[in-house]
Amino acid sequence: MLLLRYLRQVDTARIILWCYAIWYAVVLVRYFDPNPMLWLTSVGLSGIIGCALLLSTRAAIGAIRLNGWGVFRLFLMPFCVSSFAALVKGRGFILIFSPHFGETLLALALCGAFVAFVKLLRRGNDKRAD
């Protein structure tokens, strides 16, 4: 129930972030590499870049502090970007798009299904409010 309530109230920016996560998951499952150096490098870059992002947001925002999830995302995004780049290197990707149309279509379909599910939940919520 908590998850459904979250999804009913999720804003557009977070829907986009969830679609990024879905796209990443499709690539991760398809091209997973168990090489520990890939993951250690991604963790290292995440730590360095995450700290820089945290410092820059605190300097820009001043006294306002991000919540735990906001800080987590500052470190998660560089991890995902660096590991994504390492996983697809030399595999013919154009930007984030797989050279295999079916993989790109799967990622698009899953993102579309997620967005449709959120809209369906919201519609059901709107009908209950009437």
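Which residues does valine 27 touch, not counting residues up to four places away in sequence? In this predicted model, valine 27 touches Phe32, Phe84, Val88 and Phe93. The briefing below covers the nonpolar core, the aromatic pairs and the cysteines.

**Nonpolar core**

- The largest nonpolar core has 23 residues, and Val27, Phe84 and Phe114 touch the most other members.
- Helix 2, helix 3 (36-61), helix 4 and helix 5 are the elements that give two or more residues to this core.
- Helix 2 provides the largest share of the core, with eight residues.

**Aromatic pairs**

- Seven aromatic pairs are found in a search of the whole structure.
- One of them joins tryptophan 18 and phenylalanine 114, whose ring centres are 6.4 Å apart and whose planes stand at 45 degrees, so the pair is tilted.
- Because tryptophan 18 belongs to helix 2 (residues 12-31) and phenylalanine 114 to helix 5 (residues 101-129), this pair ties together parts that are 96 residues apart in sequence.
- Tryptophan 18 is partly exposed, with a relative accessible area of 39%, whereas phenylalanine 114 is buried, with a relative accessible area of 15%.
- Tryptophan 69 and phenylalanine 72 form an edge-to-face pair, with 5.6 Å from centre to centre and 85 degrees between the planes.
- Both tryptophan 69 and phenylalanine 72 are found in helix 4 (residues 68-88), where they are three residues apart, about one turn of the helix.
- Tryptophan 69 is exposed, at 60% relative accessible area, while phenylalanine 72 is partly exposed, at 42% relative accessibility.

**Aromatic cluster and a charge over a ring**

- One aromatic cluster is formed by Tyr31, Phe84 and Phe93.
- Over the face of tyrosine 31 lies arginine 30, at 4.8 Å from the ring centre.

**Cysteines**

- The structure contains zero disulfides.
- The closest cysteine sulfur to that of cysteine 19 belongs to cysteine 111, and at 3.9 Å it is too far for a bond, because a disulfide requires sulfur atoms within 2.5 Å.
- Cysteine 19 is buried, with a relative accessible area of 15%.
- For cysteine 51, the closest cysteine sulfur is in cysteine 80, and the separation of 17 Å is too far for a bond.
- Cysteine 51 is partly exposed, its relative accessible area being 41%.

Key. Residues numbered from 1 in each chain as written. Predicted model: local features only at pLDDT ≥ 70, side-chain atom pairs only at ≥ 80, totals over all residues. Heavy atoms only, no water. Phe/Tyr/Trp six-rings, centres within 6.5 Å; stacked < 30°, edge-to-face > 60°. Helix = DSSP H or I, 4+ residues; strand = E, 2+ residues; numbered from the N terminus. Buried < 20%, exposed > 50% of the residue type's maximum accessible area, 1.4 Å probe, protein only. Lys NZ or Arg CZ within 6 Å of the ring centre and 35° of its normal. Core = buried A, V, L, I, M, F, W, Y, C linked by side-chain atoms within 4.5 Å. Contact = heavy atoms within 4.5 Å.
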